[in-house]
2 protein chains.
Amino acid sequence: MNPSSLSRQETWRLLILVGACSGILLNTFQDEGAPLIASIAFSGIVFAVAYSLIRWLGPVFMNAGLKGKDMAKPKRPEIPETMGAVCAVVYLLTLIFFIPFAFYKDIVAATSGGGNRDVVIEVHHVETGRMLHRFPHGRLASYLSGLLSLQCIVILGIGDDLLDIRWRHKVLIPAFGAIPMLIVYFVDFGVTQVVVPVPLQPYLGSFVDLGWLYYVYMAAVAIFCPNSINMLAGINGVEVAQSLVIAVLLIANDVLYLAPITPYPHPATDSHLFSLYFLLPFVGVSLALLLHNWYPSKVFVGDTYCYFAGMVFAVVGILGHFSKTLLLLFIPQIFNFLYSTPQLFKLIPCPRHRLPKFNAVTGLLDASVTEWTMPPSPLIAAGLELLHQLRLVRVTRNEEGQIVESTNLTILNLWLVWMGPMKESRLAWNMVIVQVVCGIFGLFVRHRLALLVFREDNRTFGLQSYY
Amino acid sequence: MNPSSLSRQETWRLLILVGACSGILLNTFQDEGAPLIASIAFSGIVFAVAYSLIRWLGPVFMNAGLKGKDMAKPKRPEIPETMGAVCAVVYLLTLIFFIPFAFYKDIVAATSGGGNRDVVIEVHHVETGRMLHRFPHGRLASYLSGLLSLQCIVILGIGDDLLDIRWRHKVLIPAFGAIPMLIVYFVDFGVTQVVVPVPLQPYLGSFVDLGWLYYVYMAAVAIFCPNSINMLAGINGVEVAQSLVIAVLLIANDVLYLAPITPYPHPATDSHLFSLYFLLPFVGVSLALLLHNWYPSKVFVGDTYCYFAGMVFAVVGILGHFSKTLLLLFIPQIFNFLYSTPQLFKLIPCPRHRLPKFNAVTGLLDASVTEWTMPPSPLIAAGLELLHQLRLVRVTRNEEGQIVESTNLTILNLWLVWMGPMKESRLAWNMVIVQVVCGIFGLFVRHRLALLVFREDNRTFGLQSYY
């Protein structure tokens with residue numbers, strides 16, 4: 001079979017999926033519309049579109065030189081690279097097509113001039129056209145700014161994949177991507193107050209205005225999410241799988257704010273609907289990608305995908321006002337980042353690639369090492385020895401007792417130090433389980449333990465909404 | 001000298017330009033802000049940034065395989081390709097950074113809650129944050145939707161340059177790029193009435209609501225502009241030069257609507273300010289590109305630039321509500337398109353490239369030809385003969401009188417048929433002059449002759465504004 005075409009069975013399944021979803025979609029154009037159902041239907045369609053395009057475009061990408069070798073396979077096959085860009089483009093076009101669905105109720109209300117009192121209170125007829133006053137322009141601007149940030153990062157991510165940008169410069173790509181969102185936030189909303197935890201309220205009051213620090217915080221979140229996903233990479237499927245787990249857990253968290261679980265109207269409902277509109281199609285395209293990127297990979301995803309996925313999370317977390325919750329789902333990524341810092345800051349030599357090493361004899365992956373051509377300074381040697389005792393790193397010494405090798409500081413290598421060499425697919429599955437367990441723990445902290453420092457879970461009362 | 005670095009003289013000039021513009025920019029943060037002056041200062045800065053980046057990134061692009069041969073030079077040198085993408089990215093980031101400047105007055109007014117009565121009429125304090133009611137959300141959404149369309153087309157344009165997409169599919173790229181703008185227009189404004197020309201008013205009334213046909217019209221403009229610029233390509237500098245001429249003439253047209261020429265407040269002022277904010281930085285980046293792309297080219301611009309430039313014009317024309325005026329500046333492009341149709345629709349064979357042919361002996365360009373391996377059908381032969389008599393095409397016959405060659409139907413080849421072979425640089429200059437003359441004629445038609453069919457020039461009374 002031609003590896004770049006769909007099998008007959010695949011074609012039929014995808015066509016049935018698209019047909020069913022299109023039917024659902026057409027039925028949402030009734031009454032006030034059903035944006036959430038439309039979003040689910042869209043996700044099914046984009047899954048089919050992304051799945052087919054990834055398959056079809058393989059040879060086109062290879063011809064254009066977008067290809068890479070899979071080093072963790074005996075034959076090191078060459079496969080298409082940067083396929084995340086295809087997903088990202090499909091996703092972005094979908095979110096654009098979704099705009100009328102997201103605002104259908106508001107268009108209907110604004111056009112008919114009645115029917116839904118909480119939307120249209122006053123009727124002002126603008127010179128030529130429909131009345132505009134009660135249309136939620138702020139929400140539209142917020143949606144558009146999220147899209148702009150995502151497009152920005154996709155453009156810069158493609159540039160990165162093409163031009164092989166240096167590590168130091170790469171880190172800043174998400175910062176540029178975050179700019180549209182931050183600027184529109186500044187221009188259109190400018191809410192920089194945050195709720196103060198109860199133990200600190202006697203000193204700071206109920207709210208504290210962070211001012212420009214709030215923008216620094218948002219920028220930090222937007223820089224962290226994409227880079228941290230990019231950093232936890234290196235084996236088949238792990239970038240996409242971790243993103244999917246985070247997305248699904250965020251969706252679960254969003255659903256907690258919808259009726260019937262949380263009574264409507266609730267101030268945070270709109271924020272979490274917004275989040276769902278962004279996340280559901282993301283799950284669609286990521287699933288299509290994962291089916292091609294899971295072990296043994298038929299395509300690589302490229303840095304574009306990692307940046308793009310991280311920015312989707314940053315956008316929903318920031319514009320949906322739950323960035324603290326978001327970070328609770330990034331526990332493995334935060335650990336991986338902190339654990340990597342000695343290499344990032346060059347205290348320990350950092351080779352260009354730190355991915356686990358493939359042993360062609362056993363067919364297993366083992367932790368990769370950095371070689372100490374010069375023995376480390378006494379301080380660093382002591383630190384490494386301590387980490388070695390704590391089983392957080394594995395060092396090899398020569399006969400004189402000098403450190404000659406230490407494992408690279410990534411969570412993938414650490415797992416291999418702990419568990420011993422294993423197959424690539426098993427390592428990927430283990431990472432998925434780690435991500436799921438940490439994420440569920442994070443959500444538990446958010447909704448149960450947070451009551452210890454905040455007065456109430458914001459599912460019953462919230463200040464996140466600004467409309 | 002290293003061809004990818006700036007000379008000392010260039011460095012100093014660019015630094016002085018950036019310094020002067022930054023000084024001007026800082027001074028605009030006073031009173032109500034001075035967005036137009038800020039936009040001019042930004043244009044100077046982006047010129048310097050784009051100029052330097054185009055120079056520096058040359059080798060990086062070559063390494064990444066983004067390079068092409070200049071066929072109209074004796075040695076066919078290889079030079080970097082797709083440099084328009086650099087301009088486009090610089091431009092897009094600039095327009096994003098410009099948002100707070102464009103809305104400075106509104107932010108100040110909305111935050112202080114007074115000072116400018118025509119902006120803040122009622123003061124509604126939103127729960128946490130500044131009052132939002134009089135902030136021009138509609139204008140912001142319009143600005144953001146323009147940006148989204150431009151980003152869309154840049155992503156797809158880069159894809160086109162990389163993946164070598166087929167001609168038939170290429171044509172649709174601007175259609176996808178136009179979608180964000182059209183959808184936001186639909187959701188947020190939805191004004192689809194147009195003014196009826198005076199001779200038709202007894203039959204149709206003063207306005208006619210085009211409904212969905214208005215969207216078809218907007219989409220057609222957005223598809224035409226980028227493709228028509230892409231079609232008028234093929235010699236050093238001609239894509240960028242024609243775009244610059246159109247941009248400068250559009251700026252001249254916009255200035256007609258500003259004080260002191262047109263008294264403020266005028267309903268169309270905001271639309272034309274919007275247009276200036278988009279066009280001034282475009283002139284900055286295009287000038288930087290032209291200095292590298294003019295004969296003899298040191299870089300190629302790629303399809304990305306043509307799509308991007310055309311979409312900038314479509315965005316300002318559509319969102320600024322002067323798309324008819326816009327089309328009057330596209331006379332050479334419209335002619336080129338109509339003239340090309342026999343080849344586009346395959347009535348006459350269409351080779352992959354129709355650019356003028358370089359004669360290595362004389363060093364001149366002459367019209368390229370399409371070869372008739374089979375003699376044309378009698379009808380087409382008669383048509384070609386007629387065009388030949390009208391000097392609109394040059395045909396070559398064999399001894400039996402059968403047509404064996406006819407010149408390719410592009411304006412560049414036609415000009416060479418008329419004027420005879422000439423140097424590439426002279427042909428480019430001639431095209432610039434054609435564009436300028438046609439454009440000035442177009443503006444004259446717009447502001448003088450239009451009075452014959454419309455009641456008044458909209459500089460004194462207008463319906464374009466919807467705020």
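Visitor: Which residue is the bridge partner of A:Glu371 in S9(A)?
Guide: The partner of A:Glu371 in S9(A) is A:Glu405. Strands here are DSSP runs of E with at least two residues, and helices are runs of H or I with at least four, both numbered from the N terminus. Before we go on, this is a predicted model, in which local features need pLDDT of at least 70 and side-chain atom pairs count only at pLDDT 80 or more, while totals for chains, interfaces and linings use all residues. Residues are numbered from 1 along each chain as its sequence is written, chains are lettered from A and ligands numbered from 1 in the order in which they are written, and side-chain values use heavy atoms, leaving out hydrogens and water.

Visitor: Why are strand S7 and strand S9 of chain A said to pair?
Guide: Two strands pair if DSSP finds at least two bridges between them. S7(A) (residues 369-371) and S9(A) (residues 403-407) have 3 bridges, in the antiparallel sense, so they pass that rule.

Visitor: Why is the pair B:Arg139 and B:Asp270 called a salt bridge?
Guide: The rule asks for a side-chain nitrogen of Lys or Arg within 4 Å of a carboxyl oxygen of Asp or Glu. For B:Arg139 and B:Asp270 the closest N and O atoms are 3.9 Å apart, so the pair qualifies. The two residues lie 131 residues apart, B:Arg139 in helix H5 of chain B and B:Asp270 in helix H11 (residues 269-293) of chain B. Over all chains the count comes to 16 salt bridges.

Visitor: How many salt bridges are there between chain B and chain A?
Guide: The count there is 0.

Visitor: How do you know that chain B and chain A are in contact?
Guide: Contact means heavy atoms within 4.5 Å, and 50 residues from chain B and 50 residues from chain A take part. The chains bury about 4500 Å² between them, 76% of it on carbon and sulfur atoms; buried area is the accessible area (1.4 Å probe) that two parts lose on being put together, summed over both.

Visitor: What makes up the two domains of chain A?
Guide: An automatic or database assignment sets the bounds: domain 1 is 8-108 + 137-345 + 425-452, and domain 2 is 357-423. Their centres, taken over C-alpha atoms, are 33 Å apart. The contact takes 21 residues from domain 1 of chain A and 15 residues from domain 2 of chain A.

Visitor: How many polar contacts cross between these domains?
Guide: The rule finds 8 residue pairs in polar contact, both residues at pLDDT 80 or more, and 0 salt bridges. The area buried between domain 1 and domain 2 of chain A is about 1800 Å², with 71% given by carbon and sulfur atoms.

Notes
Polar contact = N/O pair within 3.5 Å; in protein donor to acceptor, adjacent residues only side chain to side chain.
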